[in-house]
Amino acid sequence: MADADDVRRLALVLPHVVEIDSDGFDFRVADQGFVWSYPERRPGKPRVIRTDIAVLYVGDEAEKQALLLGEPEFFFTTPGYDGLPLVMLRLAKVGVDRLEELVTDAWRMRAPESLAGDLDDGEHPR
């Protein structure tokens with residue numbers, strides 16, 4: 001099963017990725033976030049950065065709903081993410097190969113076309 005170290009390793013091999021200093025992990029391409037630690041908010045309590053949960057950019061509401069409905073053991077959302085193309089992923093439930101696919105797909109959706117060519121189509125870096 002995957003963990004925060006796997007997220008970091010997979011994100012940093014992608015072209016033009018920058019890791020933002022945070023209490024967890026936060027990766028961007030062209031100043032656009034594509035995967036980061038879940039900042040859990042509970043009423044009346046300080047925010048807690050959850051490195052066991054990744055927030056992934058998924059592109060649009062249709063993709064978000066497909067993941068939430070198709071793989072509820074992996075993905076979830078909260079009211080704070082309503083209307084946003086983001087899902088939360090339970091890292092301990094997902095294998096590293098699936099995580100690699102998800103992180104790479106999130107990168108592809110956020111990278112500008114001028115950078116997307118730096119990653120061969122259909123291939124995931126190792």
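In the hairpin of strand 2 and strand 3, A30 adopts a positive phi near 55 degrees. Two residues lie between these strands. Strands here are DSSP runs of E with at least two residues, and helices are runs of H or I with at least four, both numbered from the N terminus. The model is predicted, so local features need pLDDT of at least 70 and side-chain atom pairs pLDDT 80 or more, while totals for chains, interfaces and linings use all residues. Residue numbers start from 1 along each chain as its sequence is written, and side-chain values use heavy atoms, without hydrogens and water.

Strand 2 (residues 26-29) and strand 3 (residues 32-40) pair in the antiparallel sense over four bridges. Pairing requires at least two DSSP bridges between two strands. R28 has G33 in strand 3 as its bridge partner. V35 stands opposite L56 of strand 4.

Strand 3 is largely enclosed by the rest of the structure, because eight of its nine residues are buried. Buried denotes under 20% relative accessible area, exposed over 50%, and partly exposed the range in between (1.4 Å probe, protein chains only).

The protein chain holds four helices and six strands. From the N terminus, the elements run α-β-β-β-β-α-β-β-α-α. Of its 126 residues, 44% are buried. The radius of gyration, taken over C-alpha atoms, follows a globule rule of 2.2 Å times the number of residues to the power 0.38. The chain has 14 Å, which agrees with the value near 14 Å for a compact globule of 126 residues. The C-alpha trace spans about 45 × 30 × 30 Å along its principal axes.

Contacts (heavy atoms within 4.5 Å) were also counted. Among those with a separation of 6 or more, 48% involve residues 24 or more positions apart. The side chains include 15 positive and 25 negative ones. Lys and Arg count as positive, Asp and Glu as negative; His and the chain ends are not counted. The centres of the two sets lie 8 Å apart, with charges placed at NZ of Lys, CZ of Arg, CG of Asp or CD of Glu.
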